Every structure is written in structure tokens, then in C-alpha cells.
Amino acid sequence: MSITTPARGEGWPDRKKGKGFGITRQERAAALFILPLMVLLTVFWIVPSLSSLFFSLTNYSVVSATRWVGSENYLRLVDDWLFWRSLLNSAYFTVGNIPLLLVCGLALAITLNSARLRLRYLYRVVFYLPLVTSSIALSMVWLWLFDPHLGLLNLLLNAVGLPSQPWLQSTQQAMPSIIFMSVWGGVGGTMLIYLAGLQGISEQIYEAAQVDGATPWQSFFHITLPLLRPVTLYVLVTSIIGSFQIFGPIYAMTQGGPAFATTTIVHQIYINGFRYFNMGYAAAQSWILFLLLLGLSIANLRLMTRGLDV
Amino acid sequence: MTIPAHVEIASPHRRNQTGLYLFLYPVLSLVAVSMLIPFLWMFLTALKPQADMFQVPPLIFTLSYTMENFTRAWTRGNFDRFLANSMVVSTSITTLNLMVTSLAGYAFARLQWRLREVFFVIVLSVMMLPGLIALIPTFLIVKAVPLAGGNNLLGQNGTGWLDSFPGLIFPLVGSGFYVFLLRQFFLTLPKELEDAARIDGSSEFNVFWRIILPLCKPALAVVALFSFQYSWNDFLWPLVIIQSDRMRTVQLGLALFRTQTRINWGVLMAGTAIATIPTVVLFLSFQQYFVRGIALTGIKG
């Protein structure tokens with residue numbers, strides 16, 4: 001891998017202290033310090049990412065001989081209605097998930113940012129709890145809550161005189177149910193990031209606005225929202241990237257069903273690559289996903305490094 | 001309800017705010033309780049005797065809580081083995097991550113070397129890759145590790161690191177995110193710290209190990225907690241490389257437990273609780289570190 005060569009060259013034990021090749025003591029140390037990281041990143045990230053493009057141009061499968069097929073996999077994608085369906089489902093999930101995450105997260109953050117609110121630390125902990133729990137465990141719990149016969153949700157509906165709902169077992173309700181679960185599980189994260197952003201806004205701005213007779217609503221729309229724009233952008237970008245890659249709940253709750261109503265891109269990649277062992281085809285699908293998210297990833301990189309001396 | 005008597009600018013909205021708080025507490029409490037209900041329901045179901053499972057309407061409180069579902073998940077569901085596997089994998093990943101990323105973060109923050117910026121951008125760019133893009137080739141690389149799992153020197157004829165601890169551990173070590181986080185922390189320390197030690201003739205590694213690292217415990221704690229939580233909850237990678245029952249991590253065991261037997265909700269919820277408790281306990285014990293870590297990532301700008 002050409003990328004690591006300079007590091008290795010510098011790090012090659014040159015025992016003469018600080019002499020030869022103009023390498024300083026700190027440079028030799030740095031080369032050794034980053035060596036483990038660069039080896040791991042090269043073997044498990046850089047080489048795989050680049051070679052997945054190569055695999056996407058072959059018919060690689062673990063079982064049979066590999067043949068170069070050129071653009072065949074990509075042409076096949078165009079006619080694969082299941083792939084289009086999975087793109088659509090991923091978009092559905094993302095579009096349903098993100099506005100709710102942002103709005104509810106911001107509302108909670110503003111509420112909990114108030115210094116006069118008692119127990120606000122307790123509330124924060126409660127709202128963040130689902131984010132330290134695995135998506136599989138949460139899926140199991142919600143599978144039970146959504147159970148059409150004995151699940152808590154239908155029992156509650158029945159208790160107030162409403163009819164039972166099929167939830168995950170209906171093509172109409174399955175995706176909204178998963179979105180509901182994801183908002184419940186993710187809102188604490190958005191809340192915490194917004195809270196950090198809110199704490200960066202000086203109290204004096206609000207006091208000045210109040211002296212000028214601004215109502216709380218005016219303060220919100222003309223001070224809070226504009227000043228939180230970088231935070232909103234960050235949350236938006238990272239959560240779109242995350243939402244487009246949803247897999248755990250799909251695998252554990254619906255297996256993409258009923259009638260492919262919840263199959264997502266990553267689910268299709270998993271099925272094609274590891275159930276049918278069409279790894280070349282699955283690699284092509286993951287490259288499409290990569291290209292879809294590329295712009296957002298670059299934006300994310302810019303947001304993280306802005307104002308840093310990189 | 002009392003409101004602390006701050007000295008404040010008299011505000012026309014003051015009276016409204018008292019009303020606002022009277023309204024806020026019940027609403028917030030209701031939201032908080034509905035956030036907790038899934039967890040409570042999980043525990044209640046797990047603790048119910050089998051005989052009470054099918055009562056309609058369900059018994060919210062029984063007089064006879066029992067651990068029978070937990071014992072069943074533990075012994076017959078193999079959750080003892082899954083939990084031990086997850087512990088080995090997550091603690092190994094966390095330990096290795098701490099070593100690898102703190103060394104690199106230090107080099108990027110405190111050492112002067114050519115190509116530093118280039119390498120840092122490479123590390124950050126790798127961090128931004130969607131994990132999926134590398135999934136299939138990484139699987140093939142892990143399968144082709146030479147002289148492992150029956151492979152020859154060229155990595156053929158065997159299964160390599162598939163279905164093994166090294167296969168579960170190494171691909172998850174070395175995250176650009178933690179390097180970035182630690183670098184930001186190292187940058188805040190005063191430069192004089194190392195200079196004094198360098199003049200005394202310490203090696204670069206000693207400066208890092210004896211002077212800088214002891215000052216970085218909070219940042220290292222953030223990395224350790226995030227890393228443990230992430231690897232504990234990881235699912236797709238174990239799903240892809242693990243074949244045998246005895247190598248399953250707790251998340252994989254849980255997901256497959258559901259598909260393999262007829263659903264027994266009591267036992268399933270007990271297994272879910274077992275998979276959930278470690279990270280929840282960690283979070284509750286060290287929540288200020290979690291909050292700090294998230295704040296560090298989200299407020300650039």
C-alpha cells in the first residue's frame with residue numbers, strides 16, 4: 001500500500017540517533033506511534049474499500065471461480081426491482097425518521113436546558129438510555145410491544161376502546177412502526193448534542209432581547225435557531241448517513257417483510273452477499289450506497305474539521 | 001413547587017414562566033415514563049412466571065416474581081457462553097483501541113513531523129467511510145489470514161480468522177474517531193510539559209507514557225466507554241463472520257435465539273435484559289463522561 005510507505009520508511013529502525021536521511025527524533029517516534037493505527041486502517045479499511053470497487057466488477061462468490069464481468073453487476077442493478085424497492089424503503093425510513101428526531105430532540109433540549117428545572121440531569125439520563133442499548137435488544141423489546149395478540153401497545157389501545165393494529169405484520173404499518181421505534185431510541189442523542197450547542201449560547205443575548213421586548217417565540221426564531229444552525233447541520237448530516245444504513249432492527253424484527261415493505265439497502269447487501277454469496281453483486285450495491293452518501297460524508301468531514309488547525 | 005429565588009431582571013414573562021413550569025413537569029414526567037416503559041416491560045416480562053404470560057389483560061404486578069426465565073436463558077439458551085464471548089471481545093477491542101488511538105492521537109497533536117497533515121486527513125477520511133463499503137472485502141481478508149484456521153501461507157484452503165476471536169476483535173480496532181477525540185484533548189495541554197522532560201533526556205515514548213497519559217484519564221475514559229459500548233452492541237460483523245453456536249456474541253445470540261425457537265417471550269426478554277444490563281450499568285455509573293464525549297463530537301462550529 002503506497003500510502004503507508006513513507007511512514008514505514010521513516011520508522012525503520014535507524015539506530016544512529018537523529019542522523020541519516022534528515023529524520024528527526026520526533027519524526028522517528030511519530031512514525032512508530034502511528035504505525036499500529038495505519039496498519040489496521042490499511043488492512044481493514046483502505047484496502048477493502050478500494051478493492052470493493054474491483055469486486056463489484058467481478059462475479060466473485062465464495063463457491064465458484066471468479067470471472068471479470070465489467071459493468072454487468074451495475075447493469076443488473078438497474079433491472080433489479082428489489083434494489084429499487086430497498087432504496088425507496090431506505091429513503092422512506094430516513095425521511096420519516098429525521099424530522100421527528102430533530103424537532104423532538106430540540107424541544108427536549110430547550111426544555112432541559114432551563115437551569116430552574118429540577119431533576120433535569122435525571123431526565124437527560126432517561127432520554128439517553130436507549131442509545132447505550134443495542135439495536136438488537138431494542139428490537140426484541142419492541143417486537144414484544146408490537147405483538148398483535150399480547151403486545152402492550154394493542155392492550156393499551158383496547159383499554160381505551162380502540163381496535164388492535166397489526167403493526168409490523170402489515171405492509172402499511174411496518175415501516176412507520178420501525179420509524180416510531182427509531183425516534184424513541186434516537187431522540188436522546190439529538191437532545192444531548194443540541195444541549196451542548198445551547199450551552200454555547202450566551203445568556204446575555206436573551207436578556208438583551210428581553211429588555212427590547214422580544215417574546216419567547218421571537219427569541220427562539222431569531223436567536224436560538226440561527227445560532228444552532230451548525231449543530232442542526234451536523235445532526236442532519238450524521239443522522240442521514242446513519243439512517244440510510246439501518247440494518248439491525250430490519251434483520252431482527254421484520255427480515256425485510258412483510259412483502260418487502262421494509263427491506264433496506266444494507267439488508268439487500270447482506271442478503272445478496274452472505275445468504276446467496278453473490279459477493280460481486282453485493283459489492284456493486286455497496287458502491288451505490290457509498291456514492292449516495294459521498295456528498296454527505298464530505299460535508300461531515302468539513303463540519304468536523306472546520307476551525308481546526310488541520 | 002418552589003422556584004429558587006435568583007436575583008433576576010424583573011421580566012414581564014416571569015409570571016408566565018411559573019405557569020409554564022407547572023405545565024412542564026407533568027408533561028416531561030409523562031414523556032420520561034413513556035421512554036422507560038419498554039425497559040420496564042422487558043424486566044416485568046422476564047420476571048413473570050410462565051403461567052402468568054398469557055393472562056389477558058396482562059398482570060402488571062404478580063406476587064410471584066421468578067428468575068426461572070433468566071435461568072433458562074442462561075443455561076438452555078447458552079447466554080452464559082454468549083456473555084463471556086462478548087466480554088472477551090469488547091474488553092480486548094477497548095484495550096487495543098486505547099493503546100493504538102492514544103499513540104496516534106499523541107503523534108498528531110504533539111510531535112513535529114513531515115506529512116502529519118496528510119496522514120491526519122487520511123485518518124479522518126477513513127472515519128467518514130460508510131462501514132458497509134468495506135464489509136465484503138474485509139470478510140475476504142479475514143478469511144484469507146495466512147496460517148490461521150487451516151490456511152496455507154498464501155491464505156488459501158481454510159477459513160482464516162472467520163468464526164474466531166481475532167476475527168471478531170482486530171477489524172474493530174483503530175478508529176479515526178477516537179484518534180480525533182484524543183488529539184483534540186492532547187492539544188489542550190501546555191507544551192512546557194514535554195519540553196522539560198525532553199531536556200532531561202526522556203525518550204519520546206516515556207514522555208507520552210509517564211507525563212502526558214496520566215493527565216488524560218478523562219479523555220481516555222470517554223474513549224474506553226464509547227469503544228466498549230460500540231463493540232458490545234455491534235451486530236452486523238459478528239453476524240457475517242460467526243458460524244458456530246459457541247462463538248456467538250450476546251447480540252448475535254439474541255438475534256438468532258429469536259429465529260431458532262418458537263418465541264417464548266419470558267425467556268427472550270430475559271436474554272434481552274442480559275444483553276442490555278452491562279452497557280446500561282456502565283452508562284449509569286459514568287454518565288458524565290458520556291455526556292462530555294458527545295459534547296466533544298457535536299459542537300464544532
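Q: Two residues are in contact if their C-beta atoms, placed from the backbone, lie within 7 Å. With that in hand, what share of the contacts in chain A between residues at least 6 apart in sequence join residues at least 24 apart?
A: This is a predicted model, and in it 66% of those chain A contacts join residues at least 24 apart. For chain B, residues 24 or more positions apart account for 68% of the contacts with a separation of 6 or more.

Q: What makes up the secondary structure of chain A?
A: Helices: chain A has 14 of them and 0 strands.

Q: How does the radius of gyration of chain A sit against that of a compact globule of 310 residues?
A: The globule would come out near 19 Å, while chain A has 25 Å. Along the principal axes, the C-alpha atoms of chain A fill a box of roughly 75 × 55 × 30 Å. As for burial, 41% of the 310 residues of chain A count as buried, and for the 301 residues of chain B the figure is 40%.

Q: How is chain A divided by the domain assignment?
A: Domain 1 covers 2–55 and domain 2 covers 74–305. Their centres, taken over C-alpha atoms, are 38 Å apart.

Q: And which domains does chain B have?
A: Chain B has domain 1 (21–66) and domain 2 (79–298), with 35 Å between their centres. Their contact takes 7 residues from domain 1 and 6 residues from domain 2. On the domain 1 side, that's 4 nonpolar, 2 polar and 1 charged.

Q: What makes up the contact of chain A with chain B?
A: Each side brings its share: 81 residues from chain A and 81 residues from chain B. On the chain A side, helix 2 gives the most, with 20 residues. By class, the chain A side has 57 nonpolar, 19 polar and 5 charged residues.

Q: Which residues touch the most other members of the largest nonpolar core?
A: A:Ile34, A:Leu41, A:Met140, B:Ala104 and B:Ala107 do, out of 149 residues in that core. Helix 2 (residues 25–55) of chain A gives the most to the core, namely 13 residues.

Q: Leaving aside its neighbours within four places in sequence, what is A:Leu41 in contact with?
A: A:Leu41 is in contact with A:Ile46, and across in the other chain with B:Val123, B:Val126 and B:Gly174.

Q: What can be said about the phi of B:Gly201?
A: B:Gly201 follows helix 8 of chain B, and its phi is positive, near 90 degrees.

Terms used. Residues numbered from 1 in each chain as written. Chains lettered and ligands numbered in written order. Predicted model: local features only at pLDDT ≥ 70, side-chain atom pairs only at ≥ 80, totals over all residues. Domains from an automatic or database assignment. Nonpolar A, V, L, I, M, F, W, Y, C, P; charged D, E, K, R; others polar. Core = buried A, V, L, I, M, F, W, Y, C linked by C-beta atoms within 7 Å. Buried ≥ 20, exposed ≤ 12 C-beta atoms within 10 Å, placed from the backbone. Helix = DSSP H or I, 4+ residues; strand = E, 2+ residues; numbered from the N terminus. Rg over C-alpha atoms; globule rule 2.2 N^0.38 Å.
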